[in-house]
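Please keep the sequence and the 3D view open while reading.

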Amino acid sequence: MLLSIDVESHAYQYGQYAGYAIVGALGLLFLWKATGEWRGVVDQQPPRTPEDATRIAGLRRRRTNIVLTVMGALAAVGTTAIGVKASGNDFRDSAASSGPTDRTVVAPASVGDYHLLVGENAAQLEARMANDASHRSWFYASSPDDTHPQVVLTAATNEWSPGLAHEKATHSSSWALQNFFAGARIDRPQAVDPGPLGGQMQCGGKGANTICAWDDASTSGALVLLGITDIHDAADLAVKFRNAAEH
């Protein structure tokens, strides 16, 4: 469900990395089997002299060593790439170094034609979210009396979550967004203009809906747009909500 995205979970992303590793291992196994005949060269004109046997054994060892060297190099490159992708640790490119760290988020009463839902209906919707204490959610509809939201705004700030502040000091915004969309089960989100507040923003489709998420030095947030599939329209609305909410 779109209302139950676990934005903190890294399990799905780590599962992806495990999948990459399995595919890589199968590729290496295929390479080993595919070169079996080449490595196991035999003399087609028996009987062989002792010199021939020695020559062929040496050729087998050399070819086997060549294949093992290539496999080792491929495994090293793949392991390094997965490790770098998984860790996301780059203090020179940490989210905290990209701007002010003291911004907060206040839900606007309205953004364009969308109005904030309040009262019991909003409380019931909030209870369905997979948020912890560091994340807050708000729901918007074309009428403040509507019971079916068209937009869901979620956000977390350094002020609300010391753990988020630590994450931003040790990981990049790219890493944070990668985790978010992995948890949302959205592949290949598109980078979009984050607007005047900076940071990074990406949007991706999920069925008949679109999710846009941003990350900067102070906040992490997302906008779920129900019934909107155009990435550009979704991005424009996400920037408007973020500009109205983040201070």
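The model is predicted. It holds 5 salt bridges, and an open sheet of 8 strands.

**Sheet**

- The strand order is S1-S2-S3-S4-S8-S7-S6-S5, and the pairing is antiparallel.
- Strand S1 (110-111) and strand S5 (190-192) stand at the edges; each has a single partner strand, so one side of each is left without a neighbour in the sheet.
- Strand S6 (residues 200-206) runs antiparallel to S7, and 7 bridges join the two.
- Asp215 in S7 is the bridge partner of Gln200.

**Helices on the sheet**

- H5 lies across strand S4 (151-157), S7 and S8, and it runs at about 100 degrees to S8.
- H7 also packs on the sheet, where it touches S1, strand S2 (114-116), strand S3 (135-141), S4, S5, S6, S7 and S8.
- The direction of H7 makes about 135 degrees with that of S6.

- Lys168 and Asp215 meet through their side chains in a salt bridge, at 2.7 Å from N to O.
- This pair links distant parts of the chain: Lys168 belongs to helix H5 (residues 162-170) and Asp215 to strand S7 (residues 209-215), 47 residues apart.
- Lys168 and Asp215 are buried.

**Salt bridges around Arg242**

- The side chains of Asp216 and Arg242 form a salt bridge of 2.6 Å, N to O.
- That pair, too, links distant parts of the chain: Asp216 sits in the loop between S7 and strand S8 (219-225), Arg242 sits in helix H7 (residues 231-245), and they are 26 residues apart.
- Asp216 and Arg242 are both buried.
- Arg242 has a further salt bridge, to Glu246, with the closest N and O atoms 3.0 Å apart.
- Glu246 is buried, as is Arg242.
- Which residues do salt bridges with shared partners join into one network? They are Arg103, Asp216, Arg242 and Glu246.

How values were computed:
Residues are numbered from 1 along each chain as its sequence is written. This is a predicted model: local features need pLDDT of at least 70, side-chain atom pairs count only at pLDDT 80 or more; totals for chains, interfaces and linings use all residues. Side-chain values use heavy atoms; hydrogens and water are left out. A salt bridge is a side-chain nitrogen of Lys or Arg within 4 Å of a carboxyl oxygen of Asp or Glu. Helices (H or I, at least four residues) and strands (E, at least two) are DSSP runs, numbered from the N terminus. Buried means under 20% relative accessible area, exposed over 50%, partly exposed in between (1.4 Å probe, protein chains only). Two strands pair if DSSP finds at least two bridges between them. Contact means heavy atoms within 4.5 Å. Axes are lines fitted to C-alpha atoms, for helices over the stretch in contact, and angles run from 0 to 180 degrees between N-to-C directions.
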